[in-house]
Amino acid sequence: MDAAVRDGVPGVVAVAEQGRRVWGGRSGVADLVSGRKRGVHDRFRVGSITKTFVAAVVLQMAAEGKLSLDDTVDHWLPGVVKGNGHDGKRIRLRQVLNHTGGIYSYTEDEGFQRQEFGTDFLRHRYDTWTPERIVRLAMTHKPDFAPGDGWHYSDTDYVLVGMVIKKAGGRSYADEIERRILRPLRLSATTLPGTSARMPKPSGRAYSKLTGSLSGPGEAGRPTYDVTEFNPSLAGAAGEIVSSASDLNRFYRALLSGRLLKPRQFKEMTTGVPVVPGFSYGLGLMKLKLSCGTEVWGHSGGIQGSVSESLVAADGGRAVTSNFNGDWGGRIRPVAEAEFCRD
């Protein structure tokens with residue numbers, strides 16, 4: 001964590017748990033102006049870690065017969081995924097959840113990157129993005145490949161999943177996450193802000209170099225911008241959640257210990273598509289092999305001003321979540337390596 005700060009990350013917080021033992025650590029600052037230190041209970045934007053919550057809801061709904069993973073996207077959203085080679089009639093929900101449907105990721109659109117990840121963000125930070133607008137943008141591009149013919153991470157996939165949840169269940173994905181996960185697990189620090197730009201307390205500030213891409217290198221001398229407040233509808237079901245390290249550990253430990261899903265759906269979630277050696281992607285859940293050979297499950301997430309990672313042992317017994325309050329430079333994986341590979 002100290003090394004990440006030396007590399008330029010403003011501040012780092014991490015919480016590790018094993019059984020009932022809990023360790024919390026911090027390095028650097030929460031506020032570059034005041035010099036205030038980060039707190040282990042700070043809330044932060046978790047980015048794509050949101051996807052695991054959304055996938056868990058879909059799998060619970062599948063167990064209840066409200067939908068099927070073999071349903072096509074067009075079955076629930078007729079005519080929505082269409083254009084430039086996209087065809088929702090050929091893409092199944094399972095493929096959307098594991099990124100094998102070939103749907104173009106709207107976050108790779110040059111105009112979107114310029115507006116949301118470059119300095120234009122400062123003028124557009126309070127703009128609202130509807131799911132429909134996001135999908136329409138994605139449909140202006142060609143798909144990455146035919147359904148089932150490859151793997152490519154797509155934020156559009158989970159925006160679509162959020163739309164399916166509402167169509168199949170009658171409630172928004174945010175309401176379903178609240179009802180099915182947050183309240184039962186007492187995740188009181190976790191919220192889905194919708195279009196609200198403010199961060200709940202306790203929290204620090206979040207910073208970006210606004211280079212035009214997330215997690216890009218921050219060139220020496222490039223200005224640092226405070227991006228704490230912004231409308232997270234630009235991420236929606238693909239990445240809007242705000243949480244804390246302790247809440248995320250509790251969520252992933254409950255998930256991997258079998259408390260949230262029935263065995264059949266748990267098997268679906270943990271059946272991964274091999275991507276590269278040591279990394280596979282299931283349904284909103286990734287499995288990776290650390291340098292010491294230990295296999296862990298979880299997800300990472302990046303959004304303006306925040307980079308996070310939550311990883312948990314296969315039995316849910318051990319977990320670590322870490323967060324950087326800057327979205328450039330620095331490597332977050334060594335924090336997990338220090339926890340899981342120290343023995």
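Author: Helices here are DSSP runs of H or I with at least four residues, strands are runs of E with at least two, and both are numbered from the N terminus. The model is predicted, with local features needing pLDDT of at least 70, side-chain atom pairs counting only at pLDDT 80 or more, and totals for chains, interfaces and linings using all residues. Residues are numbered from 1 along each chain as its sequence is written, while side-chain values use heavy atoms, with hydrogens and water left out.

Reader: Why is α10 described as largely enclosed by the rest of the structure?

Author: Buried means under 20% relative accessible area, exposed over 50%, and partly exposed in between (1.4 Å probe, protein chains only). Since 10 of the 12 residues of α10 are buried, the helix is largely enclosed by the rest of the structure; among these buried residues are Leu-248, Phe-251 and Tyr-252.

Reader: Why are Cys-292 and Cys-341 called a disulfide?

Author: A disulfide is a pair of cysteine sulfur atoms within 2.5 Å, and the sulfur atoms of Cys-292 and Cys-341 are 2.1 Å apart, so the pair qualifies. Because the torsion about their S-S bond is about -65°, the disulfide is left-handed. Cys-292 lies in the loop between β11 (286–289) and β12 (295–303) and Cys-341 in the segment after α12 (333–340), so the pair ties together parts that are 49 residues apart in sequence.

Reader: Is Cys-292 buried, exposed or partly exposed, and what value decides?

Author: With a relative accessible area of 39%, Cys-292 is partly exposed.

Reader: Why are the buried residues of α5 said to line one face?

Author: In α5 (residues 110–117), Phe-112, Gln-115, Glu-116 and Phe-117 are buried. Seen down the helix axis, these buried residues fall within an arc of 160°, so they line one face of α5, the arc being that of the directions from the axis to the C-beta atoms. The face turned away from that buried side carries the exposed residues Glu-110 and Arg-114.

Reader: What makes Arg-186 count as exposed?

Author: Its relative accessibility is 67%, so Arg-186 counts as exposed. Arg-186 lies in the loop between α9 and β6, and its phi is near 55°, a positive value in a residue other than glycine.
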